[in-house]
Amino acid sequence: MTFPSIRRLRTSDCPAFKQLRLESLLNHPDAYQASWEEESQKNDAWFNARIRQNVIFGAFTPEARLIGLCCYRRPQTLKSAHKGIVWGMYVAPDYRGKGISLQLLNHTISHARSRAHILLLSVTSSNLAAYRLYQKAGFCQYGQEPDAMKLGDIYYSERLMFFPLR
């Protein structure tokens, strides 16, 4: 097995997905619209539904430990079904700086190519490492949402980015 092994998550991956997702929300609350406080209260059925209703790529160690996530969904409305949305990107701290995020993102882009016209994502303006990753992958900024998120007494802006697939 090459390192990392990247594949789409299955419902049998639910315990590992739940653990890594909650870790991401706990360790980086300013990077996600979702919160640890809300998602930690969700049951396993809710996390299973996330796996079934989205395309979630996971990066695995040779020992089959889930160490990274990149999530993708398409809106179900007729007028928005041409879009793909990237969300929930995360790599465990011990595995950062090894190109895993870019590999996960490239798998997601490849998956989306035959399914969507454009990929969208947002990234907290202060998260320069993630912003540079998305730029490296070919995403372009098209706007910024001021005060997109509030955490405690602090407001965070988000950069809005797109990747043309066709």
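Is Asn54 buried or exposed? Asn54 is buried, with a relative accessible area of 8% (buried means under 20%, exposed over 50%, with a 1.4 Å probe and protein chains only). This is a predicted model, in which local features need pLDDT of at least 70 and side-chain atom pairs count only at pLDDT 80 or more, while totals for chains, interfaces and linings use all residues. Residues are numbered from 1 along each chain as its sequence is written, and side-chain values use heavy atoms, without hydrogens and water.

**Around Asn54**
- Asn54 sits in the loop between H3 and strand S2 (55-60); helices (H or I, at least four residues) and strands (E, at least two) are DSSP runs numbered from the N terminus.
- A polar atom of the Asn54 side chain lies 2.9 Å from the backbone oxygen of Arg50.
- Beyond its neighbours within four places in sequence, Asn54 is in contact (heavy atoms within 4.5 Å) with Arg8, Tyr72, Arg73 and Trp87.

**Helices H1 and H3**
- The axes of H1 (residues 14-27) and H3 (residues 44-53) come within 10 Å and cross at roughly 95°; axes are lines fitted to C-alpha atoms over the stretch in contact, with angles from 0 to 180 degrees between N-to-C directions.
- H1 is therefore roughly perpendicular to H3 (65 to 115 degrees).
- H1 contributes Cys14, Phe17, Lys18, Arg21 and Leu22 to the contact, and H3 contributes Asp44, Phe47, Asn48, Arg50 and Ile51.

**Strands S6 and S7**
- S6 (residues 140-151) and S7 (residues 154-164) pair (at least two DSSP bridges) in the antiparallel sense over eight bridges.
- Gln144 has Arg159 in S7 as its bridge partner.
- The two strands form a hairpin with two residues between them, and Gly152 in the turn has a positive phi of about 65°.

Note on methods:
Angles under 35 degrees count as roughly parallel, over 145 as roughly antiparallel, 65 to 115 as roughly perpendicular and the rest as oblique. A polar contact is a pair of N or O atoms within 3.5 Å; within protein, one must be able to donate a hydrogen and the other to accept it, and residues adjacent in sequence count only if both atoms are side-chain atoms.
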